[in-house]
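Student: Could you walk me through this structure? I have not seen it before.

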Amino acid sequence: NHMVVSALPDGMLTINQVAETTGLTPSLLRIWESRYGWPTPRRLANGYRTYHPRQLDDIKRVAELVRTGRSIGTIII
């Protein structure tokens, strides 16, 4: 796993880093991506998802809204 992180383009984050920072789980992020088409990570050649730091701010905001009871479906639309 250390090799994955070191091979990331500058500033990009792994799904685990995003999950840790936002309090979400990697599987929830994958579910949102498959059901709602959001967030949209870049994929490395090996298929690993990478997220731009700007996406992290959006994901944090959405996570907070979900914690307050809003439905992810209504937030993404």
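Here are some questions and answers about the helices and the core of this predicted model.

Student: Which element gives the most residues to the largest nonpolar core?
Tutor: Let's start with the core itself, which has 15 residues; Val-18, Leu-24, Leu-29, Trp-32, Tyr-51, Ile-59 and Val-62 touch the most other members. The elements that each supply two or more residues are α2 (15-22), α3 (26-36), α4 (53-67) and α5 (72-76). The top contributor, with four residues, is α4.

Student: On how wide an arc around the axis do the buried residues of α4 lie?
Tutor: First, find the buried residues of α4: Gln-55, Leu-56, Ile-59, Val-62 and Ala-63. They sit on the same side of α4, because the arc they cover around the axis is only 130 degrees.

Student: What span does α4 reach from its first C-alpha to its last?
Tutor: α4 has 15 residues, and at 1.5 Å a residue the expected value is 21 Å. The model comes close to that expectation, with a reach of 21 Å.

Student: Are α2 and α3 roughly parallel or roughly perpendicular to each other?
Tutor: Two packed helices are described by the angle between their axes and the distance between the axes. Here α2 and α3 have axes 8 Å apart and pack at about 105 degrees. On the α2 side the contact uses Ile-15, Asn-16, Val-18 and Ala-19, and on the α3 side Pro-26, Leu-29 and Arg-30. Angles of 65 to 115 degrees count as such, so α2 and α3 are roughly perpendicular.

Student: What arc do the buried residues of α2 cover around the axis?
Tutor: The buried residues of α2 are Ile-15, Val-18, Ala-19 and Thr-22, and they pack against β1, α3, β3 and α4. They lie on the same side of α2, because their arc is only 100 degrees.

Student: Which residue follows α2, and what is its phi?
Tutor: Glycines with a positive phi come after two of these helices. Just after α4, Gly-69 has a positive phi of about 110 degrees. α2 is followed by Gly-23, with a positive phi near 80 degrees.

Methods. Residues numbered from 1 in each chain as written. Predicted model: local features only at pLDDT ≥ 70, side-chain atom pairs only at ≥ 80, totals over all residues. Heavy atoms only, no water. Core = buried A, V, L, I, M, F, W, Y, C linked by side-chain atoms within 4.5 Å. Buried < 20%, exposed > 50% of the residue type's maximum accessible area, 1.4 Å probe, protein only. Expected span 1.5 Å × (residues − 1). Arc of directions from axis to C-beta. Axes fitted to C-alpha atoms, helices over the stretch in contact; angles between N-to-C directions. Parallel < 35°, antiparallel > 145°, perpendicular 65-115°, else oblique. Contact = heavy atoms within 4.5 Å.
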